[in-house]
Amino acid sequence: MRNFLAVYTKEMRSYFVSPVAYVIAGVFLFLSGYLFRNILMQFNFLCMQFAQQAQYMGGQNLPPLNLNEIVVTQFFGVMDFIWLLVVPMLTMRLFAEEKKNGTMELLMTSPISSVQVLLGKFFACLSLYTIIVALTLVYCLILEIYGEPDWGPIFSAYLGYILLGGTFIAVGVLASALTENQIVAVLVSFGILLLLWLIDWSASFAGPTAAKILQHISIIEHLKDFQRGVIDTKDVIFYLSFIFFGLFLTTRVLESRRWRR
Amino acid sequence: MIEVSELAKYYGDFTAVENVTFRAEKGEILGFLGPNGAGKTTTMRMLTCFLPPSGGRASVAGFDVVDESMEVRKRIGYLPEQPPVYNDMTVQSYLRFVAKIKGVSSAGLKGAVDGVMEKVGLTDRRDSVIGHLSKGYRQRVGLGQALVHEPDVLILDEPTVGLDPNQIIEIREVIKGLKGDHTIILSTHILSEVSMTCEKVVIINNGRIVGEGTPESLTAQMREGEVLRAQISGPTESLEGVLRSIEGVVDVVLEGAAEADGDQVYLVTSQPDRDIREQLVRKLVENGFALKELRALDITLEEVFRRLTTEEVVV
């Protein structure tokens, strides 16, 4: 636990003393803010059209448009794509930089297990991710001021986001452990994530069993329930097992040097 | 303290290290000498549990580097060739981090970090960012990192490489000051470093040990005879014959012409433990030569090293 904390604080400090955390948070918040604004404008426009329609139809009392359904779901739907681009940049340095700097030699010759190192780095990265994701709660507060969003689905969507982030990071950290070149690490994790994202596309052309499997592997498919406000154990377990699998492979990669006689 | 027997490391068909056997007692400084690429770093990496050996055994403080790696790692301080520092951390926070992962207790943390900064002369740089430090100071941080948990064994890979002469002297002083408390293995390709700091030398070349002993015993062992350097003036044609005719002379080599006109400089090798100087002077004078200078050359560790690590001599 002490070793874990030592690595965790070191990583967190390193994110915040370098410009990395600020630049990534800044770029992400700018992009997501821009998207949020446009989605909101679109919703505004729809509402006006809807009101006109209602008047035209003879002033009957139609139920109002659902804020969650249109704004929240759509917003979360684009945010995950930005994260797919951003997370590999958070994870790329985790091991690649240690290898390049020779500090891997320090870690591997210290009385600390590779699992402790890995978990320290993983949770540091996940914490930074969670902090940045949490900042987008501001957008939901804006909705709260001017409308009546349903907070249940919002919170479940955030839970889904943290799980999704863990999955992205697990892939990124694996790619980073495989190389000492950070650009390679970014590209490999980006490639894997994009493939896992688009994999259900090929489901439409596959046989019924294969299609089910492919759909199940798609990392984005499992997020949809969370966005609708449904926390399904099958989705939670999917993400957790994915994270576990990624981290397990990473420990194998880290320890593989000890097998190479 | 450190026992290495028949250690080997292969990379595919390439033999990095083979049949390396040596031991270092407690409190000793052992110099690991060899040209670049001889296998020094590979051997050290195996001792520090960074690389698994392909064959043979190595143990540190009685613990096997493969089977009891964690116990070994608790007891060693390791300074790789590139100091393993994080450029974005300050000296103090870096040393604190290292102390934590090396298992220094929370209570002893501050004392250990302050103590080691004092020892390697970093106290006034404690808040500097490591990336902004000069090479010499980075090396000190690296040394501090290896010392912070008071390890029994210190393994230093070329600790003075890339430093300026003053820094080299300072680092050597620091290392000498550590003697006694720690068992130190120090690798280098600089010979004077070994003769200055180490009691015991292991010379390695092409992955094999080619010589072992104290600097004195190694030079004695290599001494094939006394070498005299003589500057002589006179007709050159018969000179070599005259020199060879002296009883006890094994070899005569013309080193070159001296700056003064007509003078020749010869290296005359005699049988060991035989003083031919008197005879040489007499013989030269008898034959009408003038001896301008005569000097006995001491065989240096440098010479030993050169002979052992070039193919000519196989020991």
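## The interface between the chains

In this model, 19 residues of chain A are in contact with 21 residues of chain B, two residues being in contact if their C-beta atoms, placed from the backbone, lie within 7 Å. On the chain A side, the elements that give two or more residues are helix 1 (2–17) and helix 5 (103–108). Helices (H or I, at least four residues) and strands (E, at least two) are DSSP runs, numbered from the N terminus. Helix 1 of chain A provides the largest share of that side, 6 residues. By class, the side of chain A that touches chain B has 6 nonpolar, 7 polar and 6 charged residues; Ala, Val, Leu, Ile, Met, Phe, Trp, Tyr, Cys and Pro count as nonpolar, Asp, Glu, Lys and Arg as charged, and the others, Gly among them, as polar.

The model is predicted: local features need pLDDT of at least 70, side-chain atom pairs count only at pLDDT 80 or more, and totals for chains, interfaces and linings use all residues. Residues are numbered from 1 along each chain as its sequence is written, while chains are lettered from A and ligands numbered from 1 in the order in which they are written.

## Overall form of chain B

Chain B holds 11 helices and 14 strands. Its radius of gyration, taken over C-alpha atoms, is 25 Å, well over the 20 Å that the globule rule gives for 315 residues, so chain B is more spread out than a compact globule. That rule is 2.2 Å times the number of residues to the power 0.38. The C-alpha trace of chain B spans about 80 × 45 × 35 Å along its principal axes.

Of the 315 residues of chain B, 41% count as buried. A residue is buried if 20 or more other C-beta atoms lie within 10 Å of its own, exposed if 12 or fewer, and partly exposed in between.

## An open sheet in chain B

Four strands of chain B form an open sheet of 4 strands in the order 2-1-4-5, with antiparallel pairing; two strands pair if DSSP finds at least two bridges between them. Strand 2 (14–24) and strand 5 (63–64) of chain B stand at the edges with a single partner strand each, so one side of each lacks a neighbour in the sheet. Strand 1 (residues 2–11) of chain B is joined to strand 2 of chain B by 7 bridges, and B:Ile2 has B:Ala24 as its bridge partner in strand 2.

## Strand 11 of chain B

Along strand 11 (residues 227–233) of chain B the side chains alternate.

## Nonpolar cores

A nonpolar core is a set of buried Ala, Val, Leu, Ile, Met, Phe, Trp, Tyr and Cys residues joined through C-beta atoms within 7 Å. The largest has 127 residues, and B:Ile155 is among those with the most contacts inside it. Its largest share, 13 residues, comes from helix 8 of chain A. Apart from this core lies another of 11 residues, including B:Ala230 and B:Ile232.
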